[in-house]
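Student: I would like to learn how to read a model like this one, feature by feature. Please show me the structure before we start.

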Amino acid sequence: MTAYSVRVNALWVERLALTNFRSYESASIQTDAGPQVIVGANGLGKTNLLEALSLLSPGQGLRRVPFVDLARAAGDGGFAVAARAHTLAGPADLGTGLAPGARANSERGERSERSERSGRIVRIDGTAQTGSGILADYLEIVWVTPAMDGLFTGPASERRRFLDRLILCFDHGYRTIAGRFERAMTSRNRLLADGVRDNAQLSGFEQVMAETGIAVAAARLEAVAAMRSIVEKRRERDPNSAFPWSAFRLEGTIEDDLNRLSAVEAEDLYATTLRETRERDRGAGRTLDGPHRSDLIVEHGPKAVEARHSSTGEQKALLLGLVLAHAELLTERQEGAAPILLLDEITAHLDVHRRAALFEEILRIGAQAWMTGTDAEAFSALAGKARFWGVNEGKIEALS
């Protein structure tokens with residue numbers, strides 16, 4: 001038995017079953033609400049297990065690959081992920097996957113990228129749903145992967161994606177708004193590339209871009225303000241935390257305009273900018289102004305140094321600090337229901353002190369955290385407080 005208290009309204013996966021998913025022909029795991037530690041050598045399916053869990057939320061999952069790539073190579077071209085979960089709406093059976101033959105259809109060119117994404121099947125309590133967006137009403141899932149270790153040194157697009165993922169957890173309509181902006185911008189870019197100069201056609205897409213672009217920027221500013229507030233609470237509670245507090249800001253023309261103008265004024269200004277820069281954007285082959293050009297600037301608070309100049313260990317600690325703050329913010333907004341955490345190879349770049357601090361934070365928040373690693377000893381501080389599982393060649397089994 002594990003030694004921790006389970007919150008009445010905790011979000012957690014009680015049972016997970018995989019069929020023809022990645023390296024798993026057929027596998028199932030029965031869990032409890034506490035931390036879950038998955039250990040095994042590299043390449044044996046630890047991350048695949050977390051990826052399956054990530055599909056219990058909207059979107060493409062933690063690797064962001066086409067769904068047909070998730071089907072087991074030797075399988076029937078489809079896959080299934082099924083879970084019994086304790087959700088925001090109470091206990092529920094959640095399922096998702098692709099129908100058999102989906103990969104073969106894709107290889108024959110019978111599916112476009114758009115139809116491939118929409119081909120994902122989602123069922124709740126056995127009832128088919130029209131899309132994955134409804135999963136946001138059931139589970140909140142936050143993840144950290146090794147690919148995110150370069151968040152602060154990589155391109156701005158990665159930081160925007162990170163921020164947008166945070167926003168989606170408490171603003172489920174954000175994906176729709178951001179999608180409308182992207183589609184309108186793509187249409188405008190296509191018209192410009194085709195040499196179209198018809199004002200009516202261009203203005204129509206630019207107006208949609210102005211409306212949705214300002215809405216995207218406003219949602220980001222609101223999220224940053226909320227994160228600042230929770231980071232300050234964490235700083236006051238534990239000024240010497242192993243995960244240093246962060247200072248962060250949005251850097252972009254649209255955000256600057258929103259900080260000094262009303263939303264209506266900022267919208268009008270952006271529409272005017274788009275109209276006046278058509279020829280410039282035509283020459284560049286893309287739209288050069290908008291929320292798709294903004295950046296999230298993060299600083300190591302105690303050192304007053306931008307995160308991109310910090311050491312690898314400090315960057316990992318800053319990233320975890322942001323993720324833990326986000327989890328705490330979600331817990332507050334969901335009346336104590338912490339999100340499920342997926343932490344892949346999480347002990348890398350963390351010393352013994354920071355590992356222990358991370359485990360304490362997870363237990364304090366009350367989240368069901370799924371953590372992977374190659375060495376069970378790195379998770380020894382969780383002995384008696386977590387369940388340990390071994391993964392080997394598509395099989396999952398409990399470890400004593």
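This is a predicted model: local features need pLDDT of at least 70, side-chain atom pairs count only at pLDDT 80 or more; totals for chains, interfaces and linings use all residues.

Student: In what order do the strands of the six-stranded open sheet run?

Tutor: The order is E8-E12-E13-E3-E14-E15, with mixed pairing. Strand E8 (141-144) and strand E15 (395-398) are the edges; each has a single partner strand, so one side of each lacks a neighbour in the sheet. Angles run from 0 to 180 degrees between N-to-C directions, and axes are lines fitted to C-alpha atoms, for helices over the stretch in contact. Neighbouring strands of this sheet are turned by 20° against each other on average, direction ignored.

Student: Which helix packs on that sheet?

Tutor: Contact means heavy atoms within 4.5 Å. Helix H10 (residues 312-333) packs on the sheet and touches E8 and strand E12 (340-343); its direction makes about 175° with that of E8.

Student: How many residues of E10 are buried?

Tutor: Buried means under 20% relative accessible area, exposed over 50%, and partly exposed in between (1.4 Å probe, protein chains only). Five of the six residues of E10 are buried, so this strand is largely enclosed by the rest of the structure. Its partners are strand E9 (residues 246-251), antiparallel over six bridges, and strand E11 (residues 305-306), antiparallel over two. Phe248 stands opposite Val298 in E10, and Glu299 stands opposite Glu306 in E11. E10 and E11 form a hairpin with four residues between them, and Ala304 in the turn has a positive phi of about 55°.

Student: Which side chain makes a polar contact with that of Asp295?

Tutor: A polar contact is a pair of N or O atoms within 3.5 Å; within protein, one must be able to donate a hydrogen and the other to accept it, and residues adjacent in sequence count only if both atoms are side-chain atoms. The partner of Asp295 is Arg159, at 2.7 Å. Asp295 belongs to strand E10 (residues 295-300) and is buried, at 12% relative accessible area. Leaving out residues up to four places away in sequence, Asp295 touches Ala156, Arg159, Arg249, Leu250 and Glu251.

Student: Is Glu335 buried or exposed?

Tutor: Glu335 is exposed, with a relative accessible area of 72%. This residue is in the loop between H10 and E12, and its phi is near 55°, a positive value in a residue other than glycine. Glu345 also has a positive phi, near 45°. Glu345 lies in the loop between E12 and helix H11 (352-365), but counts as buried at 18% relative accessibility.

Student: What share of the whole chain is buried?

Tutor: Of the 400 residues, 52% count as buried. Among contacts between residues at least 6 apart in sequence, 72% join residues at least 24 apart. Along its principal axes the C-alpha trace spans about 70 × 55 × 35 Å.

Note on methods: Residues are numbered from 1 along each chain as its sequence is written. Side-chain values use heavy atoms; hydrogens and water are left out. Two strands pair if DSSP finds at least two bridges between them.
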